Amino acid sequence: MNYLSIENVSKAFGERVLFENLSFGINKDQKIAFVAKNGTGKTRLLEIIAGNDIPDTGQVVTRKDLHVSYLSQEDAFDENQTVEEVIFDSDSKVLKIVQEYEKAIENPEDAERYQLAFDMMDQYNAWDFETQYKQILTKLKLDNLQLKVSGLSGGQRKRLALATVLISKPDLLILDEPTNHLDLEMIEWLEDFFAKEKITLFMVTHDRYFLERVCNEIIEMDNGQLYSYKGNYSYYLEKKEERIALEQTVQAKAKNLFKKELDWMRRQPKARTTKSKSRIDDFFVIKEKARARRSEHKVQLEINMERLGNKIVEFHKVSKAWEDMVMLDQFDYNFNRGERIGIIGKNGTGKSSFLNVLTGNTPVDSGKVVVGETIKFGYYHQSGIQVKEGQKVIEVIKEFGEFIPLAKGHKISASQLLERFLFDKKKQYDFVEKLSGGERKRLYLCTVLIQNPNFLILDEPTNDLDIVTLNVLESFMLDYPGNLVVVSHDRYFMDKIVDSLFVFRGNGVIENFPGNYSDFRAYENSDAQEEQEIVPTKIETVKEKQKTPAKLSYAENKEYINLESDIAKLNRKKEAIEAEFAEGKIEGENIDKKSIELQKIIDDIEFKEMRWFELSEKLEG
């Protein structure tokens, strides 16, 4: 059943064309994701489909009496309303019945009103609805219904907007970045909710695991053309790769044909026959195909960052609290060179506060943070970038740096860095106020990276970035040789770039998990609780108060847990040096130095692996 059809829709702002002649349909029970680069009008298209904007050309044809709800990135709440008033400010008849029943319960002395409300709940089968709407509020941490909208944080407002569209039970739900401002637990609940509910979805999201587990179709806009993929994210990646390979084959054939036709054109006399005119027309079609270029960029940089010394950052019994909320409690940790740590935990457990303590932007209550003399922080935070009025993109980044030094004396200029992050030459001279939200985030990332830090801190870097930019950022991060600390709810991003996790449990409890997010979820979901009490846990509470397994001493247990992380780091170093030898990057006297360093690393790996096996046998014996 067709719910909605988009027919030849176009939208432009002045000379800037966002999209033109887009046509596709949305049918009942489809769960569609729309994928495109930042700045190509994804949000504008959602606004048009939702009826909040009109296209320059074309139309949106909607089925009669279709109930559509739209989750925008910007809410339009009445600041004076309470959470409860916002939730029940709906045209849904069932919701009104539930509201009346809730009020009747609060006034049990009015038996007649209660009975009428009870009968209406029966008549409209609203009992399941009441259970579900309460579950939605609980899962989205909206327990205090009397809070005023004006007193809500940005994250709470986003969750309230999401709750209202879910509770309204629309025929078609349009979502613009639904996972922004949700913690990982909420995102996973939302995935399960959409998987079970018979609801039709059309969404824009950069969360690739969400795409994988929720969507059954992906529509991509690439270079102005629409491509439809009847499957989830994995299917989309596979089929897109096949499409690009086919395009490249066709393009190569077109180039060869173009050369032959060009030779033929040069040999032709001025008088043309009808037959030769037709061939000339074909020639220009072939020429157009042969000149086609894909504008995708991949980051492959050998960054020559400032040297990291032996001391990186040390936390010595650090405590920090905000009023009654404990963020850090006697926290001890020494960062090692090249560590890549992801930070996860529920909202309000102190993740961003930890980053501010780490960088010295927030004073500690007790203890101390010691930062090595060679450390140069690069801090990407959620507040974004502040620019002067009338500034152009290239002018903004040049305020922070002119170039990044690369290996062998090479360097990448500010302009080249912008190009790698998908700002072409023309875009670099646009005024910043013309950029979309995602493009501003991309520019902000470039201003942090151009400073060439050796300790990079990213607080929710993936919010508002499109999938193309995320792939670019991931490639850059994989090549980045310094220390890395990331707070993100993007599980795909975390899995790809971090080696271990700090798990913020709340009340100052922080656990160090030696693995990525998928490893952590697999561990958490394991049913072998009894076995976990005997077998050494993969999680190490960073506090020194941790329980010691019965068959290992405290020192042995701590050594055992750290060995796995040490071995992984040594293997990464080994692979990096071997890659340098394979690519011929090591020359002259450095060959002997690197050979000795490589052999030492191999010896260390063998020694630590033997020790790990010894402790394993002792534990299991």
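**Exercise 1. Determine how helices α5 and α7 are oriented towards each other in this predicted model.**

Solution. Two packed helices are described by the angle between their axes and the distance between the axes. The axes of α5 (residues 127-139) and α7 come within 10 Å and cross at roughly 155°. Here axes are lines fitted to C-alpha atoms, for helices over the stretch in contact, and angles run from 0 to 180 degrees between N-to-C directions. Angles under 35 degrees count as roughly parallel, over 145 as roughly antiparallel, 65 to 115 as roughly perpendicular and the rest as oblique. The two helices, α5 and α7, are therefore roughly antiparallel.

The conventions are as follows. Residues are numbered from 1 along each chain as its sequence is written, and helices (H or I, at least four residues) and strands (E, at least two) are DSSP runs, numbered from the N terminus. In this predicted model, local features need pLDDT of at least 70, side-chain atom pairs count only at pLDDT 80 or more, and totals for chains, interfaces and linings use all residues; side-chain values use heavy atoms, with hydrogens and water left out.

**Exercise 2. Classify the ring pairs Tyr 114–Phe 118 and Phe 194–Phe 210, and state the accessibility of each residue.**

Solution. Rings of Phe, Tyr and Trp (its six-membered ring) pair if their centres lie within 6.5 Å; planes under 30 degrees apart count as stacked, over 60 as edge-to-face and the rest as tilted. The whole structure holds 29 aromatic pairs. In one of them, Tyr 114 and Phe 118 lie 6.1 Å centre to centre with 35° between the planes, a tilted pair. Both residues belong to helix α4 (residues 111-123), four residues apart, about one turn of the helix. Tyr 114 is partly exposed because its relative accessibility is 31%, and Phe 118 is partly exposed at 30%; buried means under 20% relative accessible area, exposed over 50%, partly exposed in between (1.4 Å probe, protein chains only).

For Phe 194 and Phe 210, the ring centres are 6.2 Å apart and the planes stand at 80°, so the pair is edge-to-face. This pair links distant parts of the chain, with Phe 194 in α7 (residues 184-196) and Phe 210 in α8 (residues 208-214), 16 residues apart. Phe 194 has 0% relative accessibility and is buried; Phe 210, at 0%, is likewise buried.

**Exercise 3. Identify the charged end that sits over the ring of Tyr 227 and the one over the ring of Trp 322.**

Solution. The criterion is that NZ of Lys or CZ of Arg is within 6 Å of the ring centre and within 35 degrees of the ring normal. Over Tyr 227 sits the charged end of Arg 243, 3.6 Å from the ring centre. Over Trp 322 sits that of Lys 320, at 4.5 Å from the centre.

**Exercise 4. Explain why helix α1 is described as largely enclosed.**

Solution. Helix α1 spans residues 42-49, and six of its eight residues are buried, so the rest of the structure largely encloses it. The buried residues are Lys 42, Leu 45, Leu 46, Glu 47, Ile 48 and Ile 49. After α1 comes Gly 51, with a positive phi near 85°.
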